[in-house]
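Work through the exercises below with the structure in view. Each task is followed by its solution.

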Amino acid sequence: MQITLNHLERSYGELHAVNDVSLTIPSNKIFGIIGKSGAGKSTLVRLISLLEKPDSGEVYYDDKRVDNLSSEELMMHRRHIGMIFQNFNLFSSRDCAGNIAYPMEINGYKRDVIDKRVKDLLHVVGLDGRENARISTLSGGQKQRVAIARALSCNPGILFCDEATSALDPQTTSSILDLIKELQKKMSLTVVMITHQMEVVRDACEEVAVLNDGVVVEEGKVSDIFSKPQHPVTKDFLSRLVGVDQGKKTDTVYQWSRTKGSYILRFPGEVTDKPIISMISKKFDVDFNLRAGGVQTVGGEEIGTMYVDIICSDPAKLPEVISALRGEGLIVEEVKK
């Protein structure tokens, strides 16, 4: 199911939480919406998921406008939406099966259908045999798996993940993201991931929109955003990935210096395999002081990142060196101090 947003606006008094947001979230993809705290992510997801009405603008599911529906029509459309949250939002008074069954119960499913669906979903999320387990006995990752099963119980076409991995450790985060990617493919879901974690966007999403002060400041394929970030907010998110080990030894940028260097070099695609630094160093007789580096897989494409100082005996050579690096296919960005 494709989601289209046209010029959405939402204010709370003087706070303009969502400001003229227009987006197309493609069907059957994992789409990320990333922003810092206070950027407007939570308000935007409430508008997209029909929990709130915008002050102005339009929300479409496929070709049907849904922001102006009656209460009864809204209730029907919400059955096609699943949501998972940072804090799981499970009922402590119910066991695993009871939590998963709850949406089906309130939607009038028959008992035999509910029981079969609960058993199937527990298998899908890797919790076979835990039907009667109390929520208090589960780990954080297991609780989120129950929450995912509950969100999928009524066969939604759209799954919203609102900071779904923020409360989890890196290893558990990785396993939950792998599960969501697997389910998205199996069930042909449109998944919208709201997050402040760039590693979540890197590891799970195909496209992303960057939100800042209620405005979309950058959007596109994740591989393009990582290799050619345009907005300062995006560049800041990417810089914070340096030195973070998510448990994937081949997908990490390592920092071994206290400072990050004066330039960021990004090596998109096949450029990662070329000895460009060595070639440029010999050609121009310059030194590169390497501060951090690594290769990450982003949207199925390898993106190399290197933080360096470029040391020229003749400073006048520096623009020529940078031009030569760009000529070899690198994206060169000066770090603002």
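Gly141, Gln144, Arg145 and Ile148 in H5 meet Thr172, Ser175, Ile176, Leu179, Ile180 and Leu183 in H6, where contact means heavy atoms within 4.5 Å. This is a predicted model, in which local features need pLDDT of at least 70, side-chain atom pairs count only at pLDDT 80 or more, and totals for chains, interfaces and linings use all residues. Residues are numbered from 1 along each chain as its sequence is written, and side-chain values use heavy atoms, with hydrogens and water left out.

**Exercise 1.** Sort the residues in the contact of H5 with H6 by class.

*Solution.* Count Ala, Val, Leu, Ile, Met, Phe, Trp, Tyr, Cys and Pro as nonpolar, Asp, Glu, Lys and Arg as charged, and the others, Gly among them, as polar. The contact then has five nonpolar, four polar and one charged residues.

**Exercise 2.** Describe how H5 and H6 are placed relative to each other.

*Solution.* Step 1: helices (H or I, at least four residues) and strands (E, at least two) are DSSP runs, numbered from the N terminus. Step 2: the axes of H5 (residues 140-151) and H6 (residues 170-187) come within 10 Å and cross at roughly 20 degrees. Axes are lines fitted to C-alpha atoms, for helices over the stretch in contact, and angles run from 0 to 180 degrees between N-to-C directions. Step 3: angles under 35 degrees count as roughly parallel, so H5 and H6 are roughly parallel to each other.

**Exercise 3.** Find the strands across which H6 lies.

*Solution.* H6 lies across E3, E6, E7 (158-162) and E8. Its direction is at about 155 degrees to E8.

Technical notes: Angles under 35 degrees count as roughly parallel, over 145 as roughly antiparallel, 65 to 115 as roughly perpendicular and the rest as oblique.
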